[in-house]
Amino acid sequence: MDIESTLARVKEKVRNKERALNRPLGSVGLLAVSKNQNSQKIIQAYEAGQRDFAENYLEEALEKIQTLNQYEIVWHFIGRIQTNKTKRISENFAFVHSVTRLKEAQRLNDQRPEDLPVLNICLQVNINNDANKQGLDPKDVLSLAKAIKTLPRLHLRGLMAILKDEIDYQKQYQGFKSLHELFILLNQHGLELDTLSMGMSQDMDAAIAAGSTMLRIGRAIFGER
Ligand SMILES: *Cc1c(COP(=O)(O)O)cnc(C)c1O
């Protein structure tokens, strides 16, 4: 199937889920994860109406951003942040989903170019409590969120999590629900978050049911990597 068709199929699935769950139509956003995909494929998705794309690896991303600079793409960074790369992340992306430390947030803030709008941020949370996964311990999220809220060149939008290799729907749902609960707690503390970045190709249904506002979908759009 071509990308126009796979993209349409994913969107249709999302709309059907929104209807079934009585969520407002369009309340679940779609981020196309284009890591390991060439620029030609990104253009195909763009021509089918997709505007938000996400990349994990900075060097690879910068090449594509350069090649595709005549397109009105909103670039999201979802990969691991290395301290020595914050400047180029801050200069080239509109949204960073993978912040886990105050130090990197401060650098992104200080390095955000004056002529660009504020940089949108999500905090990445380790909801599985799995030692191999990137992300903050849930108990550390509130204090980091409050600290980031004071940085003028960042706009703290919400929380992000990755659930890896979990095929059981109930477990997926429980994991995502715990992130949603943390999101509610932060908003009760006045943090005004509007983004729950959760759900990939294999767990998007559970993520939508648990309150996702932004799916990050790679394989279901572009095929296997
Ligand atoms: C690769 C990746 C995705 C997309 O995963 P798919 O299984 O291809 O849908 C989403 N989020 C992050 C952080 C990723 O690294």
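**Close-up views of a predicted model**

By class, 12 nonpolar, 11 polar and nine charged residues make up the lining of the largest pocket. The structure shown in these views is a predicted model.

**View A. The largest pocket of the predicted model holds the ligand.** The space in this pocket comes to about 670 Å³. The largest pocket is lined by 32 residues, and the closest to its centre are Lys35, Asn56, Ile162, Lys164 and Met200. The lining is divided by class into 12 nonpolar, 11 polar and nine charged residues.

**View B. Twelve named residues form the surroundings of the ligand: Val33, Lys35, Asn56, Ile78, Ile162, Met200, Ser201, Arg216, Ile217, Gly218, Arg219 and Arg225.** Sorted by class, this shell consists of five nonpolar, three polar and four charged residues. Among the residues around the ligand are Lys35, Ser201 and Arg216, whose side chains are the subject of the next view.

View C. On its own the ligand has 390 Å² of accessible area, and the protein covers 94% of it.

**View D. The second largest pocket contains about 240 Å³ of space.** Its lining is made up of 15 residues, of which Ile73, Asn92, Phe93, Ala94 and Leu116 are the closest to its centre. By class, the lining of the second largest pocket has 10 nonpolar, three polar and two charged residues.

**View E. Asn36 lies in the loop that runs between strand E1 (29-33) and helix H2 (39-47).** Asn36 is a residue other than glycine with a positive phi, near 65°.

**View F. Glu192 lies in the loop that runs between helix H7 (169-188) and strand E7 (195-197).** Although Glu192 is not a glycine, its phi is positive, at about 55°.

Conventions: Residues numbered from 1 in each chain as written. Predicted model: local features only at pLDDT ≥ 70, side-chain atom pairs only at ≥ 80, totals over all residues. Heavy atoms only, no water. Near = heavy atom within 4 Å. Areas by Shrake-Rupley, 256 points an atom, 1.4 Å probe, with all protein chains shown as cover. 1 Å grid on protein atoms, 1.4 Å probe; cavity = no way out; pocket = protein on both sides within 12 Å on 5 of 7 lines; lining within 4 Å. Sits in = over half its atoms within 2 Å of the grid points. Nonpolar A, V, L, I, M, F, W, Y, C, P; charged D, E, K, R; others polar. Points joined across faces, edges and corners; volume = space filled by probe spheres on them. Helix = DSSP H or I, 4+ residues; strand = E, 2+ residues; numbered from the N terminus.
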